[in-house]
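Reader: Could you walk me through this one, a question at a time?

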Amino acid sequence: MKLLIVIPAFNEQDNIVRVVDDLIEHYPQFDYVVVNDGSRDRTAALCRQHGYRMIDLPVNLGLAGAFQTGLRYAAENGYDCALQFDADGQHKPEYIQPMLDMLEEGADIVIGSRFLTVRKPRNLRMVGSYLISWAIRLTTGQKICDPTSGMRLFNRGMLEEFSTNLNYGPEPDTISYLIKNGAVVRELQVQMGERIAGKSYLNLVRSVEYMIKMGLSILLIQWFRKRDTDSPYAERSV
Amino acid sequence: MVDISWQIRLVLVLGSLLTVAFVLRRVRQSRMQIDDSIFWLLFAFVMLVLSLVPQLAYWVSNLFGFQSPINVVYIAIIFILLVKQFFMSIQLSQMDSKLRALTQKVALNEEKIEQEKDDL
């Protein structure tokens, strides 16, 4: 299976080189593409300097828009699957192969999950994760242990669907919507590192905003969505 | 103090339900982003609560010395829409600068292509 690792990067000058060099050096069998989301720092310059494969967005689109760009690239260049991979070094590439194996066993989406066999810590940071897990379980009947994990692998059908449609952000509400529509979503236990440099996007206000959005979206809005699986790509494989 | 009439409450209930129906329809047709629908759903919810539990408006009215509880409803609507307007103004300004950056990028790329053609 031909895999594309999509690495959305926004102001990741302190991490991007370490992350991509690791992939190039130890995992040359996988293709990757950095999607620079209009960073204001030296992210793009560093990618050019090192000769990385990069899509340089001239304006900031946000994570959903940047990731979608990567998926369009994958769809248009005939990739069989695409992996959402953080530029900050939290995700470990040694789990890519086991995730691919799971995809080949018939999953549509494989989530690299921190809490499948490891107990989810009961602290304030995880309140959101608990609530989202609960909401997904309530509306789909399926248990997703780590819905906010940003390490997700999509098969060809999914990546085509993600790459062309509105309201397909790489977020838990899309996952819950797809489960409800019959997609096979599986989790694989992975370990994740802490972000080494740079600062996280999340703060309290944004977290609350995110929770309200996810809550409303999963519990209410997803019931009313209509799925459109028409694909503009000829080589659609499902 | 003038009460909130049942007619006004009915209109508010119908209005908020229609808003919800309309917004959900747009999302269903993939013609509205979920992010943008959240505000209207919450707004409709607040209106619904205010019309179903007018005691809330009475309570605020007494607290702040409004002449009539219906004024609380007006003020609430005006305030929420003003805040929305403020954030939309920020959003518009950001979109404007993004559009400018995009236009410049396209034009600069065109120029680069022309130059390369000439060089050949």
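What follows is a friendly set of questions and answers about the two chains.

Author: Happy to. This is a predicted model, in which local features need pLDDT of at least 70 and side-chain atom pairs count only at pLDDT 80 or more, while totals for chains, interfaces and linings use all residues. Residues are numbered from 1 along each chain as its sequence is written, and chains are lettered from A and ligands numbered from 1 in the order in which they are written.

Reader: How does the radius of gyration of chain A compare with the globule rule for 238 residues?

Author: Chain A has 8 helices and 7 strands, where helices (H or I, at least four residues) and strands (E, at least two) are DSSP runs numbered from the N terminus. Its C-alpha atoms fill a box of roughly 50 × 45 × 35 Å along the principal axes. The radius of gyration is taken over C-alpha atoms, and the globule rule is 2.2 Å times the number of residues to the power 0.38. For chain A the rule gives 18 Å, so the chain is as compact as a globular protein of that length, with a radius of gyration close to that value, at 17 Å.

Reader: And is chain B compact or spread out by that rule?

Author: Chain B has 4 helices and 0 strands, and its C-alpha trace spans about 85 × 35 × 15 Å along the principal axes. The globule rule gives 14 Å for 120 residues, but the radius of gyration is 23 Å, well over that, so chain B is more spread out than a compact globule.

Reader: What percentage of the residues in chain B is buried?

Author: A residue is buried if 20 or more other C-beta atoms lie within 10 Å of its own, exposed if 12 or fewer, and partly exposed in between, with C-beta atoms placed from the backbone. In chain A, 42% of the 238 residues count as buried. For the 120 residues of chain B, the value is 17%.

Reader: How are helix 5 and helix 8 of chain A oriented to each other?

Author: Axes are lines fitted to C-alpha atoms, for helices over the stretch in contact, and angles run from 0 to 180 degrees between N-to-C directions. The axes of helix 5 (residues 127-140) and helix 8 (residues 204-219) of chain A come within 10 Å and cross at roughly 5°. Angles under 35 degrees count as roughly parallel, over 145 as roughly antiparallel, 65 to 115 as roughly perpendicular and the rest as oblique. Helix 5 and helix 8 of chain A are therefore roughly parallel.

Reader: How many charged residues are in the contact of helix 5 with helix 8 of chain A?

Author: Two residues are in contact if their C-beta atoms, placed from the backbone, lie within 7 Å. Ala, Val, Leu, Ile, Met, Phe, Trp, Tyr, Cys and Pro count as nonpolar, Asp, Glu, Lys and Arg as charged, and the others, Gly among them, as polar. The contact has 8 nonpolar and 4 polar residues, and the charged count is none: no charged residues.

Reader: How many residues of chain B are in contact with chain A?

Author: The side of chain A that touches chain B divides into 7 nonpolar, 3 polar and 4 charged residues. Chain A contributes 14 residues, and the number from chain B is 14.

Reader: Is Asn167(A) buried or exposed?

Author: Most residues other than glycine have a negative phi. Asn167(A) has a positive phi of about 65° although it is not a glycine, and lies in the loop between helix 6 (156-164) and helix 7 (172-180) of chain A. With 21 other C-beta atoms within 10 Å, Asn167(A) is buried.

Reader: What about Ser30(B), with its 15 C-beta neighbours: buried or partly exposed?

Author: Ser30(B) also has a positive phi, near 55°, and its place is in the loop between helix 1 (6-28) and helix 2 (34-52) of chain B. Having 15 C-beta neighbours inside 10 Å, Ser30(B) counts as partly exposed.
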